[in-house]
Amino acid sequence: MSDILMPKATAVWLVDNTSLSFEQIADFCGLHPLEVRGIADGEVARDIRGADPIGNGQLTREELDRAQANPDYRMKAQVSRHAELLKPQKKAPRYTPVSRRQDRPDAIAWFLRHHPEVTDAQISKLLGTTKSTIEQVRARTHWNAANIKPVDPVTLGLVGQLELDALVKKAAEKKAKDDLKKGILPEDPTLRPASETSALPEDHDDEEAAIRASRIEPKAEDVFGKSTYVADDEEDDED
């Protein structure tokens, strides 16, 4: 199939402005000959405006003339500069400065200890390392295993905090979904339903009343001690 831009619009233009056969147009535009016939009959692409392949750099005049002179000739499309601009750019691998490369095992160890839900592929992509290195750190077979200690990759300057938070959140959500599919409920939920936390047992009132009845109410003498106050009339009687 041809990679030209706007194949149906190009076919409309070729049908209207050239003497090419339906097969030639279909081959150039990556369409079926019946579609091209439908365009010529006005049944297909009636609202599409024709696009000149010569004007947009996908076809040369010489190639078009050669095809019109020979019905068996199949035109070859040129690479359009617009197609090059629209082509998706492959993301370049993460570059880690030479001065920071010796810190990657420490960052890997940090992920393995604190965030086991993050996959090796995610760690490899984030830190610019390899899965074999991650496995060596996990199995402690790395050549520098004795000196590897878990250190936050943000502290090491390997990644940004926002990027790290986004990765950890994504990995945690994926793990939670996978656990639910397996029937594993999250451990130690932070919030419980109000019906579980606010409802009291039916015998709660009876139990509280029994506790109150068993208590001995303290007297004033037990709290403040026995009073030594003597009234004036009592002193006169003693005299």
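A: Glu135 and Arg138 both sit in helix H8, three residues apart, which is about one turn of the helix. An α-helix has 3.6 residues a turn, so residues three or four places apart point the same way. Helices here are DSSP runs of H or I with at least four residues, strands are E runs of at least two, and both are numbered from the N terminus. The model is a predicted one, in which local features need pLDDT of at least 70, side-chain atom pairs count only at pLDDT 80 or more, and totals for chains, interfaces and linings use all residues. Residues are numbered from 1 along each chain as its sequence is written, and side-chain values use heavy atoms, with hydrogens and water left out.

The side chains of Glu135 and Arg138 form a salt bridge, at 2.8 Å from N to O; the term stands for a side-chain nitrogen of Lys or Arg within 4 Å of a carboxyl oxygen of Asp or Glu. Arg138 has another such partner in Asp120, with the closest N and O atoms 2.8 Å apart. This pair links distant parts of the chain, since Arg138 belongs to helix H8 and Asp120 to helix H7, 18 residues apart. Arg138 is partly exposed, with a relative accessible area of 39%. Glu135 is also partly exposed, at 39%, and Asp120 is partly exposed at 22%. In these terms buried means under 20% relative accessible area, exposed means over 50%, and partly exposed is in between (1.4 Å probe, protein chains only).

The count of salt bridges comes to five. One of them joins Lys174 to Asp178, with the closest N and O atoms 3.2 Å apart; both residues lie in helix H10, four residues apart. Through shared partners, salt bridges join Asp120, Glu135 and Arg138 into one network.

Helix H8 has a buried side as well. Its buried residues are Thr133, Ile134 and Val137. Seen down the axis of H8, these fall within an arc of 100 degrees, so they line one face of the helix; the arc is taken from the directions from the helix axis to the C-beta atoms. The buried residues of H8 pack against H6 and H7. Just after H8, Arg140 takes a positive phi of about 55 degrees.

Phe111 is buried, with a relative accessible area of 0%. Beyond its neighbours within four places in sequence, Phe111 is in contact (heavy atoms within 4.5 Å) with residues including Ile123, Leu127 and Leu164.

On confidence, pLDDT is the predictor's score for each residue, from 0 to 100. The chain averages 78, and 66% of the residues score at least 70. Confidence is highest in H8, at a mean of 93, and lowest in helix H11 (residues 194–197), at 49. Where pLDDT is low, the predicted coordinates should not be read in detail.
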